[in-house]
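Here is a short briefing on one protein model. Have the sequence and the 3D view open as you read.

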Amino acid sequence: MSHHLAIDRLASYYKRGNEQEARSLLARTMEYSSSEDDEMVEDSAIFEDDIKAPDVEQQTEEVTSSLQTVSHGGSALASIRNAIENELLAVEDCDEVNQVPSPGMEFESDGAARAFYNAYALRLGFGIRVARSRCERRKGVEVLVMKRFVCLKEGHHKKKVAENSTKKKRKRLSIRDGCPAMMEVVRRGPEKWIISKLVLEHTHIVVSPERVREIQLSRLSGKDREHQDYLKEMRRRVFGEGDAQILINYFRRMQAENAGFFYAMQVDNRNCLTNALWADAKARMSYGYFGDAVTFDTSYRQNKNMMPFAVFTGLNHHGQTIVFACALVMDKTESSFTWVLETWLTAMCGRRPLTITTDQGKAIEAAVAEVFPETCHRLCRWRILSRCQKKLSDVSCRFPDLHDELKMCINESDNVETFEVYWRTILDKYNIGENLWLQSLYSIRHRWVPAYLKGSFFAELSTTHRVETLNRFYRNNFVTECSLQMFIAKLDQEMDSRYEKEAQEDCATLNIQHILKTQSPMEKQAANIYTRMAFEKFQEELVEAFNYYPLKIQDGPISKFSVARDGDASNRHFVVFKESEKKAYCNCFKYEGSGIPCRHLLGLFLVCGTILIPEYCILKRWTRKAKSGLMLQESVHEGQYSEESPISWYNDLLHDAMKCVERGAASAEAYRIAKSMLQTVFAEILGFEESESKGMMLPHVEKAPKRTGIEVIEIELTNLKQKGRISVLRDLTGEAS
């Protein structure tokens, strides 16, 4: 490709007035380069390689960053050249503008050395790349110790052995001519790198800085082509030799069967599918009840046998994993993840979660920050811990207890101070303080270590137990590649199975007789209001509470208590009681994070004579009433329905109908009542439409109190129960009669 091609291509877009296309080209290229760094922490060790991608990516990002600031007026080519000049001026403004590399020169890091050599190369007019790097195993840990930066014309391309093929291959010209110019830096300490080898002479005439930028723009264009080839291959894996029509047909069929089914697709400028998202009515309704804590799981796309699949999940009131939406994410860039998150938010009626958990990655983290700026964003610590086993495998072989100690440090540290001490103790004990992987994790500890995230609600009843996700399902069904049609069919079966298990647990919760372990009225109360799983967690805390003793250490409007187990000062927590609010708070933040009162609060209640669990300590999402009354998303939209908005009427009726369907399917008697009432209402609507068509006025009838369909069904169920016609019914309180 001619080195002018990239500029000509961008200029042609601007000349045609298609500025958006030009910016799209640059943005896509920049994002693709960034997305390849998503696993930066995971792949921190760099080995000898002649591939220049890392340096090309950095140069590409620099050029793209400059070009995105180009004004819209005037000649496109002139604007681009002005941007290049601005980039060079920025380099001239740096502190090292007049410095020339010399042996023994020191830098804080290999990145600082690279930036210095890049600035030097721009002034002289040549390009650079990383030709070689080396790691050493120090105390069982891979440590980067050397990097060599060379001129773009260093070395010679190796000729590949010709293959017997009838295809004509385009001849490619090589820019390499064996230029020896290079700068090598080596590590001499944690923050000390020095130049160990240096060659300043070139065997060619160095070009102007503008010429260097043109070459880099040519590489940018090639990067965009590489990205398009990647998407083409990904679409081939998903759709085979056909197209996306299978997926479109599935979406249309599902929406025809269920008007509450939501789907959306994104296409590129070639009208090819890049991303898709869908959610059925049941999933959207579940989000209304349990959408406070969400996990956006993209780990499945890392399995070569899997579809590029992502899923939004949460936990219901039984602690079961529920799916809020599914997505195909073929383009793993920031803009793609932003589209997926924004589209999912639209499907969930615009209600943002309190917290969201995702995997590590620059692109996805940037997308979450843009779409959910006020939502607490956590990185999945289980994924991080699993990578620790891989990254520290050599050390773990010599020290088998290392991984367990790391898990205890991360999961069981009650506060930041405890974690910091424990973490430092482990690093010193195993001499792994210089491990780059652990250093990178420590720098973002506030994003994934529980001690730094206390006070944020994640619907986790235990920090040491990992909630079962869809991983087992995928391991059992997708050990080899499968077609999109088979994938969708198995996924639908899995979703139906999960809905059935939730319904079974609903019934089991109504009929279970809990075995009480204390004489406390709070335990009896909890047995009647919590689901089976939530009650077991509460009971565990209550039993432990009898071993904790509070001691008042501060009196007044805000009382303060020290609560410790059998006088064990090392396990002490503090509970604050605010008289004005009539509420107590514990510094362990268990209730704020899980929704179940902690043993320290319960210990104070027992001593102070509190008979029942205070209302503010009962989180509805863990009770049998979790799916009764208004959904969370309805409270957000309350009062927004306009009398002149059929779309709003449709959504409102759909929500009520879904609640009737869910409750009506609980038993044969409930089904009969729901079916009868729905048929009656439908008949009345048909009668009204017929009267309207005949121009007849309906007689004036005094309006009855407004009730939802579910309230009508519940009234009928209550009447039947009072008449003794049915023995066990589910009612609003979720209790068995």
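The points below cover a helix pair, the cysteines and one arginine. The model is predicted. Helix H13 spans residues 402–412. Arg-498 belongs to another helix, H17, which covers residues 484–511.

**Helix H13 and its neighbours**
- Seven positions of H13 are listed here as buried: Leu-402, His-403, Glu-405, Leu-406, Cys-409, Ile-410 and Asn-411.
- These buried residues pack against helix H11 (381–391), helix H12 (393–398) and helix H14 (416–430).

**H13 against H14**
- The axes of H13 and H14 lie 9 Å apart, and the helices pack at an angle of about 165°.
- H13 is therefore roughly antiparallel to H14, as angles over 145 degrees count as such.
- The two helices, H13 and H14, cross in a left-handed sense.
- On the H13 side, the contact residues are Leu-402, Glu-405, Leu-406, Met-408, Cys-409 and Ile-410.
- On the H14 side, they are Phe-419, Tyr-422, Trp-423, Ile-426, Lys-429 and Tyr-430.

**Cysteines**
- Cys-409 is buried, because its relative accessible area is 0% and the cut-off is under 20%.
- Cys-326 also counts as buried, at 5% relative accessibility.
- The disulfide count is 0, with the cut-off set at sulfur atoms within 2.5 Å.

**Arg-498**
- Arg-498 has a relative accessible area of 18%, so Arg-498 is buried under the 20% limit.
- Its side chain makes a polar contact of 2.9 Å with the side chain of Glu-494.
- A polar atom of the Arg-498 side chain also lies 3.3 Å from the backbone oxygen of Thr-321.

Notes:
Residues are numbered from 1 along each chain as its sequence is written. This is a predicted model: local features need pLDDT of at least 70, side-chain atom pairs count only at pLDDT 80 or more; totals for chains, interfaces and linings use all residues. Side-chain values use heavy atoms; hydrogens and water are left out. Helices (H or I, at least four residues) and strands (E, at least two) are DSSP runs, numbered from the N terminus. Buried means under 20% relative accessible area, exposed over 50%, partly exposed in between (1.4 Å probe, protein chains only). A polar contact is a pair of N or O atoms within 3.5 Å; within protein, one must be able to donate a hydrogen and the other to accept it, and residues adjacent in sequence count only if both atoms are side-chain atoms. Contact means heavy atoms within 4.5 Å. Axes are lines fitted to C-alpha atoms, for helices over the stretch in contact, and angles run from 0 to 180 degrees between N-to-C directions. Angles under 35 degrees count as roughly parallel, over 145 as roughly antiparallel, 65 to 115 as roughly perpendicular and the rest as oblique. A crossing is left-handed if the near helix is turned anticlockwise from the far one by less than a right angle, and right-handed if clockwise.
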